[in-house]
4 protein chains.
Amino acid sequence: MNDAIIELHNEATPATAVSPLALRLAKIGRGFYKRGWNLGTSGNFSAVVNRDPLQLLITASGLDKGALSAESFLHLDESGNVIAGHGRPSAESSLHLAIVKRRKAQAVLHTHTVWSAILSEAYGDSGGFFIEGFEMLKGLEGVNTHQHHEWLPIIENSQDYDALSQQVEMMLQQQPNIHGFLLRRHGLYTWGVDVEAAKRHVEIFEFLFEVLGRTHH
Amino acid sequence: MNDAIIELHNEATPATAVSPLALRLAKIGRGFYKRGWNLGTSGNFSAVVNRDPLQLLITASGLDKGALSAESFLHLDESGNVIAGHGRPSAESSLHLAIVKRRKAQAVLHTHTVWSAILSEAYGDSGGFFIEGFEMLKGLEGVNTHQHHEWLPIIENSQDYDALSQQVEMMLQQQPNIHGFLLRRHGLYTWGVDVEAAKRHVEIFEFLFEVLGRTHH
Amino acid sequence: MNDAIIELHNEATPATAVSPLALRLAKIGRGFYKRGWNLGTSGNFSAVVNRDPLQLLITASGLDKGALSAESFLHLDESGNVIAGHGRPSAESSLHLAIVKRRKAQAVLHTHTVWSAILSEAYGDSGGFFIEGFEMLKGLEGVNTHQHHEWLPIIENSQDYDALSQQVEMMLQQQPNIHGFLLRRHGLYTWGVDVEAAKRHVEIFEFLFEVLGRTHH
Amino acid sequence: MNDAIIELHNEATPATAVSPLALRLAKIGRGFYKRGWNLGTSGNFSAVVNRDPLQLLITASGLDKGALSAESFLHLDESGNVIAGHGRPSAESSLHLAIVKRRKAQAVLHTHTVWSAILSEAYGDSGGFFIEGFEMLKGLEGVNTHQHHEWLPIIENSQDYDALSQQVEMMLQQQPNIHGFLLRRHGLYTWGVDVEAAKRHVEIFEFLFEVLGRTHH
């Protein structure tokens with residue numbers, strides 16, 4: 001598949017145009033937009049299309065997430081260079097690459113939501129918070145009981161995305177059990193073994209953020 | 001109808017594919033998903049297709065409720081064995097079976113919502129709460145006045161679904177007038193004499209949960 | 001038009017099937033349902049189809065407002081008798097008739113919403129509340145400035161709809177400038193010179209209820 | 001393009017009927033209406049179609065924003081006279097004209113939302129408020145860091161739109177870096193270098209208003 005993509009790129013035809021993964025990510029993104037989870041062109045969605053060498057399908061920067069189509073995606077190599085597709089990669093691509101390298105993640109979804117912004121500030125000085133006791137937690141990969149304690153780290157936001165992606169890589173190594181993290185006053189990053197798992201994780205976290213946000217704030 | 005289903009099953013064709021009941025439950029489920037009432041593959045929807053012997057149509061485990069179709073349902077016998085359809089039954093099927101056995105319910109709907117999670121925790125130690133004085137209560141089967149006192153029991157959540165379903169059966173016997181119950185930090189179970197009545201009960205409870213939640217919390 | 005309707009009725013064909021008014025009310029009702037303003041089969045929508053003698057088109061009782069069609073409506077005479085259409089009239093039809101008799105209203109819309117339920121209880125003992133100073137008030141018929149003081153009366157809810165409709169008639173006579181009223185822990189009634197004006201009034205009131213509800217409660 | 005419009009107008013054909021700009025504004029408006037940002041016929045949307053002489057496409061007064069189409073727009077000249085299209089211009093057209101004259105704005109969007117109404121009152125006596133530290137701010141034109149301090153002025157609402165538009169013009173000259181402003185208990189005005197930028201600004205401000213509103217109020 002990697003070869004085919006490069007070939008198509010050489011012919012200046014965007015390889016992403018016919019990708020079922022891109023179609024699926026686009027639909028998920030439009031659904032999130034309807035819920036107000038990616039307003040104002042915020043957020044990014046990505047999926048691994050090849051592991052060795054690593055290739056990532058990711059939303060181009062600055063797009064209206066309510067109008068995503070298969071053409072809205074770029075192919076990046078493992079260094080973040082564009083190898084197919086039209087548009088500019090987001091500065092946050094390095095975070096997506098860091099996650100798929102450090103986790104068995106095939107998809108990474110990043111949202112900007114009201115409740116994640118509120119909680120990331122409320123618990124920002126503590127560096128994170130636990131979510132405990134909710135049945136909904138069982139939807140997170142590998143969690144089998146509502147008695148699970150999910151730690152959600154919060155990282156200070158920064159415009160130095162190289163430093164930020166290194167910090168994220170380190171955190172992912174040190175905390176192998178987390179399913180996502182927040183950037184302070186910024187948003188949620190979560191991932192999954194496939195696109196559907198990542199979508200499920202977004203919905204679970206956003207649901208639980210709203211419950212916690214309405215309970216304590 | 002029971003015979004027909006078994007026959008189809010023997011031919012390895014899912015009997016559920018053409019069921020109007022499954023189509024209707026799928027549409028209701030997609031509508032709930034739009035409202036955020038079954039995010040992250042949470043919740044289950046079921047309907048009785050045969051009474052003697054008992055057969056239940058129920059959502060297979062782990063499905064995206066925003067993408068439900070007639071193929072998303074299993075047929076279970078009264079012991080919870082799959083007799084038609086593709087997929088794994090939810091561990092919560094035993095609760096659905098307990099309800100349709102103890103009530104004249106033809107449909108059982110289970111949602112995971114923000115306000116039910118909040119109220120189930122706020123009133124969890126009291127074992128439940130009353131909803132009183134709202135015109136909306138008149139939409140509950142057999143209720144004729146807003147002055148009705150609806151008791152909504154809250155049961156501690158558990159991963160031992162056998163014990164949980166026995167507890168639910170006992171509660172349904174002891175409290176013949178309730179129209180639903182909450183599992184703590186988990187969600188709502190309600191039912192109806194048909195699918196439309198069960199849908200109405202979900203909407204009424206969720207509406208009232210939001211009113212109570214915004215008033216007191 | 002009155003004659004034609006009766007004729008159709010004699011032939012047992014529902015006159016409402018082809019009514020543009022019914023189609024428009026049905027669409028408005030489905031829109032309100034999407035916003036959660038008429039969950040659980042709650043609410044009623046009506047429009048005057050003839051003034052002398054009075055004939056009212058009104059939603060039949062107990063319908064899912066998300067599935068309204070032109071067939072969902074009855075024709076009532078001025079006494080509330082069904083003269084065309086299938087189904088049972090709501091007990092609240094008497095309120096609709098009271099309003100169109102006492103006001104130059106051609107349409108009456110009744111919603112059950114979270115914020116109207118909350119405000120109707122918060123201000124119930126005061127018998128109503130003022131809404132003042134919002135630009136949005138200018139959308140109410142005859143209001144030309146945000147400095148308008150809109151009084152919203154609250155009436156105790158009751159299952160004696162004859163008494164309730166008499167109370168409403170008296171209130172409408174005594175308070176000629178109001179654009180709507182609340183039934184306590186029940187919902188909003190508003191109306192307009194045509195269906196569009198009534199729809200506009202619902203949206204304006206519900207918007208302002210949410211602003212007030214979030215500000216003070 | 002200006003000539004063509006006038007010619008079509010002379011033939012009594014609304015020039016707006018085929019305008020892609022009008023189609024795009026109509027779709028944006030219907031989307032905002034779904035979110036509850038322009039209920040009750042509130043709000044106005046405009047775009048510059050010609051700079052010299054200035055011509056503005058703008059929603060006619062009193063329209064249901066959920067039913068906007070290309071026919072819903074008027075063409076105004078720089079003095080606010082209707083040069084094409086059916087309907088009455090809004091009294092607020094003078095504000096739109098003031099903005100496009102004082103800014104390099106090609107589009108102006110005006111919404112009435114719950115959170116903008118609440119914040120405009122909460123901070124009304126201070127004349128405005130800062131929004132700081134949110135990643136979402138980077139979506140505002142020319143903002144490159146979440147550490148940006150965005151000042152959002154609040155102007156007292158008035159029915160004297162001539163005075164109001166002069167006040168707005170003065171404010172736009174004195175505060176060249178703002179991306180929008182609030183009218184107290186009224187709503188948001190924002191703009192952009194094109195229609196998409198203006199849409200993005202609305203979404204960013206409304207998102208941030210909700211975060212601030214839920215945090216402090």
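This note goes through the chain contacts, the sheets and some backbone details of a predicted model.

1. **Conventions.** Residues are numbered from 1 along each chain as its sequence is written, and chains are lettered from A and ligands numbered from 1 in the order in which they are written.

2. **Chains B and A: extent.** Contact here means heavy atoms within 4.5 Å. Chain B gives 23 residues to this contact and chain A gives 22 residues. The two chains bury about 1800 Å² between them, with 56% of it on carbon and sulfur atoms. Buried area is the accessible area (1.4 Å probe) that two parts lose on being put together, summed over both.

3. A salt bridge is a side-chain nitrogen of Lys or Arg within 4 Å of a carboxyl oxygen of Asp or Glu. Asp64(B) makes one with Lys199(A), with the closest N and O atoms 2.4 Å apart. There are also 14 residue pairs in polar contact between chain B and chain A, both residues at pLDDT 80 or more. A polar contact is a pair of N or O atoms within 3.5 Å; within protein, one must be able to donate a hydrogen and the other to accept it, and residues adjacent in sequence count only if both atoms are side-chain atoms.

4. **Chain B, side touching A.** Helix H2 (20–34) and helix H4 (114–122) of chain B each supply at least two residues of this side. Helices (H or I, at least four residues) and strands (E, at least two) are DSSP runs, numbered from the N terminus. H4(B) gives the largest share, four residues. By class, the side of chain B that touches chain A has seven nonpolar, ten polar and six charged residues. Ala, Val, Leu, Ile, Met, Phe, Trp, Tyr, Cys and Pro count as nonpolar, Asp, Glu, Lys and Arg as charged, and the others, Gly among them, as polar.

5. **Chains B and C.** Here 22 residues of chain B are in contact with 23 residues of chain C. The buried area is about 1800 Å², and carbon and sulfur atoms give 56% of it. In chain B, Arg35(B), Glu135(B) and Arg214(B) lose the most area to chain C, together 33% of what that side buries. The count of salt bridges between chain B and chain C is two. Asp64(C) forms one with Arg24(B), at 3.9 Å between the closest N and O atoms. Helix H6 (residues 195–216) of chain B brings the largest share of the side that touches chain C, ten residues. That side of chain B divides into six nonpolar, five polar and eleven charged residues.

6. **Pairs without contact.** Chain A and chain C do not touch; their closest C-alpha atoms lie 13 Å apart.

7. **Sheet of chain A.** Nine strands form an open sheet in the order E4-E3-E2-E1-E5-E9-E8-E7-E6 (chain A), with mixed pairing. Two strands pair if DSSP finds at least two bridges between them. Strand E4 (82–84) and strand E6 (128–132) of chain A are the edge strands, each pairing on one side only. Strands E2 (residues 54–59) and E3 (residues 73–77) of chain A run antiparallel and are joined by five bridges. Leu57(A) has His75(A) as its bridge partner in E3(A). Helix H2 (residues 20–34) of chain A lies across E1, E2, E3 and E5 of chain A, at about 165 degrees to E1(A). Axes are lines fitted to C-alpha atoms, for helices over the stretch in contact, and angles run from 0 to 180 degrees between N-to-C directions.

8. Most residues other than glycine have a negative phi, and most peptide bonds are trans. The bond between Asp52(C) and Pro53(C) is cis, with omega about 5 degrees. Pro53(C) sits in the loop between strand E1 (44–51) and strand E2 (54–59) of chain C. A cis peptide bond also runs from Asp52(D) to Pro53(D), with omega near 5 degrees. Arg185(B), not a glycine, has a positive phi of about 50 degrees. The place of Arg185(B) is the loop between strand E8 (180–183) and strand E9 (187–192) of chain B.

Conventions: Predicted model: local features only at pLDDT ≥ 70, side-chain atom pairs only at ≥ 80, totals over all residues. Heavy atoms only, no water.
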